[in-house]
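Please look at the model shown here before reading on. The text then goes through its nonpolar cores and its salt bridges.

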Amino acid sequence: MPILEFHQISKDFPGVRALDAVSFGIEQGTCHALIGENGAGKSTLGKILAGVYQPDGGEIRLEGRVIRPANPRDARESGIAMVHQELAFCPNLTVAENLCLGDLPRNRFGWVDRAAMRKQARRMLGEIGAAIDPGVTVSALSTGQEQLVQIAAAVGTGARVIVMDEPTSSLSGGETRELFRLVRELKTRGITLIYISHRLEELFALCDAITVLRDGRQVMTQSIADTTPGQIIQQMIGRDLLVPVLGYLAQEPRDEVLRVENLSSPGRFKDVNFSLRAGDIIGLAGLVGAGRSEVAQAILGLDPMATGRVWVRDRELPLGSIDEALAAGIGLVPEDRKRQGLVLGLDCRHNTSMAALSRLTRAGWVQRQAERSLVQHYASRLRVKSPSLECLVSTLSGGNQQKIVLAKWLARECDILIVDEPTRGIDVGAKAEIYRLLDELAAEGKALLVISSELPELLALCRRILVLRYGRQAGEIDRADFSEAAVMELMVNG
Ligand SMILES: Nc1ncnc2c1ncn2[C@@H]1O[C@H](COP(=O)(O)OP(=O)(O)OP(=O)(O)O)[C@@H](O)[C@H]1O
Ligand SMILES: [Mg+2]
């Protein structure tokens with residue numbers, strides 16, 4: 001008998017049926033994959049189980065008994081926890097405070113016992129083998145570390161069922177391996193997992209069974225041994241995946257538009273040199289922490305400590321001025337969309353047009369019609385799934401929020417576009433669409449710098465890949481010499 005069963009679960013949001021009569025069961029101590037396009041309903045199902053949302057129909061059975069978690073605390077008490085895709089903690093509190101928030105240890109005077117709290121937090125982190133100082137504030141953690149703290153919170157409070165929503169999307173290679181080890185260990189302890197991810201290879205490495213959702217409907221539930229990646233993609237997107245043929249590579253790159261000389265920032269990176277031409281896509285590879293995003297931020301004028309020289313065409317840019325960088329036609333799609341890319345309290349239309357407003361303004365008035373059609377154009381190109389462009393960005397699924405960040409910068413039509421992890425959290429079908437779009441931009445004569453932790457992505461897209469290692473330029477590789485092994489070698493050994 002399965003330990004956990006979903007029976008005919010449905011959920012409606014204004015304008016969307018997020019889940020439509022979803023039913024499946026999960027055996028104890030197994031890992032069940034949940035997969036589907038952006039907006040398919042994966043996070044919604046996880047949140048219903050974890051008590052964040054209540055279903056409009058259907059029921060959940062845990063060990064044969066119907067449960068109706070009314071809130072996350074309720075779910076916790078039934079032994080269910082969720083590791084969220086978005087930030088889940090109070091950023092200004094310490095790790096220990098966040099971990100003990102539900103059950104603060106008190107001394108005999110009734111005051112919070114800080115020493116006991118730190119001890120308890122250290123024990124919870126130790127249980128999953130996470131080397132994180134319980135005294136640091138959560139805002140100082142990397143996304144990967146924050147995810148580990150969420151897992152520690154789940155395991156430490158005795159969860160028997162844990163939902164992991166895209167747990168590896170911001171983890172480095174080492175952190176991912178560590179997480180895999182942890183997941184396997186949790187399984188042997190009899191803990192049951194629901195694992196949401198866009199990375200098929202992870203599902204095959206970790207999961208025992210899989211459910212595919214499409215537009216809120218369950219299209220397949222199967223043992224992982226009885227399926228193939230091709231079949232899953234077919235079920236997910238309703239067609240075979242076409243690998244885009246890159247048109248820009250057939251043309252010679254044009255004039256140099258960006259030149260970076262001896263760009264340095266103390267403690268971050270040193271003596272970075274490269275040049276970028278119109279009509280070209282070059283990649284920036286390196287392990288997490290190698291300084292890739294920091295270089296991008298310095299080019300955009302976001303690093304007051306940066307030294308060196310940056311030219312846009314024949315004009316030298318003063319470093320540290322974002323206004324000058326934007327005026328020169330540089331755009332940056334940031335890595336961390338929640339913190340840097342989106343205004344969550346605004347709707348999709350404003351988020352998309354925000355960066356392009358100067359182009360849309362006549363005599364101080366925003367041209368609403370032009371704004372709407374510009375936004376519409378990019379939203380449909382990227383297949384943003386939302387009931388309307390007037391709905392709040394915060395109600396979109398994770399991947400669709402990412403698409404809005406991309407759309408926002410594309411709408412600005414920058415000549416030089418730096419994209420940092422452009423497909424993080426994006427489903428395989430939309431990923432191919434983004435590659436096609438970046439190719440088109442290059443073919444039109446834009447210059448692109450792509451930062452990515454996914455080597456296959458850089459190998460597929462770029463004409464040249466620069467490799468950073470501990471903030472130093474370890475080397476560069478031309479397309480003719482591309483291989484995963486060659487790039488890895490530079491990333492790891494320089
Ligand atoms: N709080 C909410 N208010 C309104 N609509 C919502 C809300 N949460 C989710 N939705 C909608 O429900 C649908 C399913 O969203 P969900 O977040 O479950 O998708 P997902 O499969 O997790 O996608 P992704 O891979 O992009 O994370 C989407 O159309 C989304 O816009
Ligand atoms: Mg999601």
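The model is a predicted one.

The largest nonpolar core has 51 residues. Leu 99, Ile 162, Met 164, Tyr 195, Leu 203 and Ile 210 are the members with the most contacts inside this core. Helix H5, which spans residues 143-156, supplies the largest share of the core, namely 7 residues.

We turn from nonpolar to charged side chains. How many salt bridges does the count come to? The count comes to 26. Three of these pairs are described in turn.

One pair is Glu 5 with Arg 61, where the closest N and O atoms are 3.8 Å apart. Glu 5 belongs to strand E1 (residues 4-13) and Arg 61 to strand E4 (residues 57-62), so that distant parts of the chain, 56 residues apart, are linked by the pair. Is Glu 5 buried or partly exposed? Glu 5 counts as partly exposed because its relative accessibility is 21%, and buried would require a value under 20%. Arg 61 also falls in the partly exposed class, because its relative accessible area is 22%.

The pair Arg 123 and Glu 127 sits within one helix. Their side chains form a salt bridge with an N to O distance of 3.6 Å. Both residues lie in helix H4 (residues 114-127), and because they are 4 residues apart there, about one helical turn separates them. With a relative accessible area of 46%, Arg 123 is partly exposed. Glu 127 is partly exposed as well, at 33%.

A further salt bridge joins Arg 199 and Glu 454, with the closest N and O atoms 3.6 Å apart. Why does this pair tie together parts 255 residues apart in sequence? Arg 199 is in the loop between strand E8 (192-196) and helix H7 (200-206), whereas Glu 454 is in the loop between strand E20 (447-451) and helix H17 (455-461), so the contact ties together parts separated by that span. Arg 199 is partly exposed, because its relative accessible area is 21%.

Technical notes
Residues numbered from 1 in each chain as written. Chains lettered and ligands numbered in written order. Predicted model: local features only at pLDDT ≥ 70, side-chain atom pairs only at ≥ 80, totals over all residues. Heavy atoms only, no water. Core = buried A, V, L, I, M, F, W, Y, C linked by side-chain atoms within 4.5 Å. Buried < 20%, exposed > 50% of the residue type's maximum accessible area, 1.4 Å probe, protein only. Helix = DSSP H or I, 4+ residues; strand = E, 2+ residues; numbered from the N terminus. Salt bridge = Lys/Arg side-chain N within 4 Å of Asp/Glu carboxyl O.
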